[in-house]
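Biologist: Could you show me how to read enclosed spaces and an annotated site in a model like this one?

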Amino acid sequence: MIDDTLPTVTLSNGVTVPALGLGTWQMGEDARAAQREVEALRHGIDLGLTLIDTAEMYGQGGAEEIVGEAISGRRDDVFLVSKVYPWNASREGTIAACERSLKRMKTDRIDLYLLHWRGEHPLAETVDAFETLRRQGKIGAWGVSNFDLGDMQELLALPDGGNCVANQVLYNLSRRGVEYDLLPWCQERGIAVMAYSPIEQGSLARNEALIHIAKAYQATPAQVALAFLMEREGVVAIPKSSHAARVAENREAAALDLTDEDLDALDAAFPPPSRPMPLEMI
Ligand code: NAP
């Protein structure tokens, strides 16, 4: 029998999340697609993809509203991740942004709140605000996004900086730079790495090398791209799809067990980094 159990990642605050979640970028932008987007997310939750990643940025709040609709009546089944814009990430601005996000999602807590990328506000202020929100129970934990190694080192040197539980970064087969230093550094410290754009915004689903490997398993190229990430310790991949059938397809990536031979073929098609590379961003 095929084992399609979802691998999990335990965050440093002790909470365990599935290693495959649901992205929401580009949702909530068009009212005509709203019902389909809600259904895709609900189907994902039904299949165990209970980590939902969103941000105040997506659809200018529209994606958070879609998430609010999708989790209505089942808030406790879900681990919610949202993000604050860097220009809102002052001591007071972070708290106000969080409260707006809570309202849009019709909930009283965000499980993981991230600084979307580094901006002008001093990191210490943002950390302070995150800690206040955590004490108030409005967020369960906090983290960052698009932080390279130097940014992480600076963050962890701050008071309470060590409470960061995750760094969400661009990571997929065609963007493996993080494997050189950032990923092992986070793994050593128990900081989860959330891999965004895990199928390179859909383009890995059309990649010849992946099509070839997938064929042997009667799988799809997107599933191979996701299986590659899910096998890595401490990595959570968050593919986005507004189609329930594709969400189900992505969920079944957990059934793929890539062999050493497959991994060698992937290394040949997508060489791992041999020197430090600056973190890429989409
Ligand atoms: P992605 O998940 O790599 O790809 C999404 C695209 O691929 C969509 O166009 C989707 O189309 C398509 N797709 C999904 N499953 C597919 C499949 N099985 N076969 C073929 N195509 C498929 O890219 P992403 O949305 O950029 O990244 C995922 C999530 O990461 C985002 O939604 C967001 O939550 C997060 N993110 C965070 C940051 C950050 O700065 N922190 C940046 C980018 C993304 P359909 O929807 O039409 O199915």
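**Cavities and a binding site**

Modeller: The lining of the largest cavity divides into 6 nonpolar, 1 polar and 4 charged residues. Here Ala, Val, Leu, Ile, Met, Phe, Trp, Tyr, Cys and Pro count as nonpolar, Asp, Glu, Lys and Arg as charged, and the others, Gly among them, as polar. This is a predicted model, where local features need pLDDT of at least 70 and side-chain atom pairs pLDDT 80 or more, while totals for chains, interfaces and linings use all residues. Residues are numbered from 1 along each chain as its sequence is written, and side-chain values use heavy atoms, without hydrogens or water.

Biologist: Which residues line the largest cavity?

Modeller: A cavity is a set of points, on a 1 Å grid over the protein atoms alone, where a 1.4 Å probe fits but cannot get out; lining residues have an atom within 4 Å of a point. Here they include Asp-148, Arg-175, Asp-181 and Glu-280, as well as Leu-170, Val-178 and Met-277. The space inside is about 80 Å³, taken as that filled by probe spheres set on the points, which are joined across faces, edges and corners.

Biologist: Is His-116 buried or exposed?

Modeller: His-116 counts as buried because its relative accessibility is 7%, and buried means under 20% (1.4 Å probe, protein chains only). The unreviewed UniProt entry annotates His-116 as "binding site"; such annotations may be inferred rather than shown by experiment. Beyond its neighbours within four places in sequence, His-116 is in contact (heavy atoms within 4.5 Å) with residues including Met-57, Tyr-58, Lys-83 and Asn-146.

Terms used
1 Å grid on protein atoms, 1.4 Å probe; cavity = no way out; pocket = protein on both sides within 12 Å on 5 of 7 lines; lining within 4 Å. Buried < 20%, exposed > 50% of the residue type's maximum accessible area, 1.4 Å probe, protein only.
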